[in-house]
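User: Could you take me through this structure, beginning with the ligand site?

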Amino acid sequence: MPISTSNKPRVTVLGSGVVGLTAALELAKTYDVTIVARNMPGDPPSLGWASPWAGAMWFGVDGSTPAQKKMQRASFDKFWKMAETMPESSAKRIDVFDFQNKTDISGESGLWYNFMPNFRYLEASELRLGAGSGMFYTSCVITPDTYLPWLQAQCVEAGVRFIRQEVTSLRQAAQFVPCEVIVNASGNGAKFLVDVNDETCHMVRGQVMLVKCAAPAIHISHGKHWSEYTYVLPRGDGTAIIGGIKEFDDVEPAPKEWLRKSIHERCRKLLPEYIPEKFEDLEIVRDQVGFRPEREDSVRVERELLPSGQKAVHAYGAFFIVFSCARWLIGEGLTGGGYVYSWGMAAEVARLVDASL
Ligand SMILES: Cc1cc2nc3c(=O)[nH]c(=O)nc-3n(C[C@H](O)[C@H](O)[C@H](O)COP(=O)(O)OP(=O)(O)OC[C@H]3O[C@@H](n4cnc5c(N)ncnc54)[C@H](O)[C@@H]3O)c2cc1C
């Protein structure tokens with residue numbers, strides 16, 4: 001284990017996904033930071049973490065608290081700037097056609113998305129897949145295969161150390177790398193770590209395909225039910241992620257054949273200009289399965305004094321949609337994720353660590 005010679009306060013971050021890496025980068029401005037994690041950028045594919053498998057686009061989450069909106073917005077602002085000033089990060093600006101089940105989105109969704117660049121409501125003639133309403137705006141998309149190693153390199157440059165280790169508790173992580181504060185950015189790990197054991201966490205299965213596709217804009221249809229959630233998400237490099245699905249507490253690791261066909265069928269209906277009629281004509285680069293870390297009470301960003309006396313700051317989770325079926329049924333389907341929250345969450349984590357010392 002590398003010994004720190006710094007006299008700055010020490011912070012250990014458990015987790016090297018998008019949340020842990022971004023928090024570590026922010027914390028390294030002030031603290032002596034070490035990341036402890038089982039999975040790290042550059043590893044062979046693994047279902048042990050979610051970040052490599054994300055779409056990953058920025059979108060606003062209906063029903064968020066003001067504090068959650070602030071975190072989401074801070075991430076958007078950062079990605080928007082990065083797309084211009086740090087293209088090597090993979091961040092890109094992209095137009096979005098966002099189709100909703102609801103017929104009236106002039107309420108919260110409208111207000112929420114109003115700040116998005118180029119925002120406008122879609123005309124009835126522009127709606128697809130039986131949507132009741134829709135919005136157009138410009139957002140940002142990230143390519144995790146590029147972004148995660150880029151973030152890790154930024155961390156290394158900022159002095160963050162990385163130690164690969166699986167732990168059974170936050171206490172064990174903090175004993176392994178002694179620290180004043182431990183940050184819990186373990187995603188689904190929060191369900192299993194013995195001193196977190198968050199029973200409100202759920203692993204939400206996603207299955208998508210990375211395909212060759214020249215579509216210039218993201219098309220998302222929320223559908224009437226989570227099984228109709230459909231999107232074509234171009235990455236601006238000639239490929240697109242096509243999906244999607246949310247399967248609650250389903251941990252099947254292999255791509256399901258019926259789902260591959262269903263995704264193709266739905267995406268073809270959504271974007272016939274760019275998705276071939278026959279499944280056989282799809283140019284599939286790879287299938288992707290991942291487990292989103294979601295939580296009944298949405299994101300958890302808060303301090304805790306562990307029974308061992310160790311100071312901790314939690315940073316994980318996203319809104320768990322099944323917990324509020326009514327919202328889903330009226331077409332408010334997006335739950336947000338680590339990318340949507342990452343930069344805002346990192347700033348909040350830094351504030352909470354400051355307050356802990
Ligand atoms: C198909 C799909 C599409 C998605 N699309 C989007 C999107 O468009 N936008 C968006 O914002 N989000 C999206 N998400 C969700 C997003 O992927 C997750 O919210 C995000 O990656 C969570 O990041 P994280 O850093 O919290 O967790 P993870 O990436 O899971 O990282 C957890 C880290 O903790 C470590 N860890 C856990 N337990 C232990 C342990 N016991 N010991 C040591 N280390 C441990 C892991 O090894 C890993 O390093 C999508 C997800 C899927 C599956």
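**Ligand shell and sheet**

Analyst: This is a predicted model. In it, at least two residues of the shell around the ligand come from each of α1 (18–27), β8 (201–212), β13 (284–295) and α8 (338–356).

User: How many residues surround the ligand, and which are the closest?

Analyst: The ligand is surrounded by 40 residues, and G17, G187, G189, G337 and G338 are the closest.

User: And what is the shell made of, by class?

Analyst: It has 19 nonpolar residues, 18 polar and three charged.

User: Back to α1. How do the axes of α1 and α4 cross?

Analyst: The axes of α1 and helix α4 (residues 144–157) come within 9 Å, crossing at roughly 25°. Because angles under 35 degrees count as roughly parallel, α1 is roughly parallel to α4. The crossing of the two helices is left-handed.

User: Which residues make that contact?

Analyst: From α1 there are V18, L21, T22, A24 and L25, and from α4 there are L148, L151, Q152, Q154 and C155. By class, seven residues of this contact are nonpolar, three are polar and none is charged.

User: Changing topic: what is the strand order in the sheet?

Analyst: The open sheet has six strands in the order β6-β2-β1-β7-β15-β14, with mixed pairing. Its edge strands are β6 (161–164) and β14 (300–305). From one strand to the next, the twist averages 20°.

User: Where does α1 pack on it?

Analyst: α1 touches β1 (10–14), β2 (32–37), β7 and β15, and its direction makes about 170° with that of β2. α8 also packs on the sheet, touching β1, β7, β14 and β15.

Terms used. Residues are numbered from 1 along each chain as its sequence is written. This is a predicted model: local features need pLDDT of at least 70, side-chain atom pairs count only at pLDDT 80 or more; totals for chains, interfaces and linings use all residues. A residue is near a molecule or strand if its C-beta atom, placed from the backbone, lies within 6 Å of it. Helices (H or I, at least four residues) and strands (E, at least two) are DSSP runs, numbered from the N terminus. Ala, Val, Leu, Ile, Met, Phe, Trp, Tyr, Cys and Pro count as nonpolar, Asp, Glu, Lys and Arg as charged, and the others, Gly among them, as polar. Axes are lines fitted to C-alpha atoms, for helices over the stretch in contact, and angles run from 0 to 180 degrees between N-to-C directions. Angles under 35 degrees count as roughly parallel, over 145 as roughly antiparallel, 65 to 115 as roughly perpendicular and the rest as oblique. A crossing is left-handed if the near helix is turned anticlockwise from the far one by less than a right angle, and right-handed if clockwise. Two residues are in contact if their C-beta atoms, placed from the backbone, lie within 7 Å. Two strands pair if DSSP finds at least two bridges between them.
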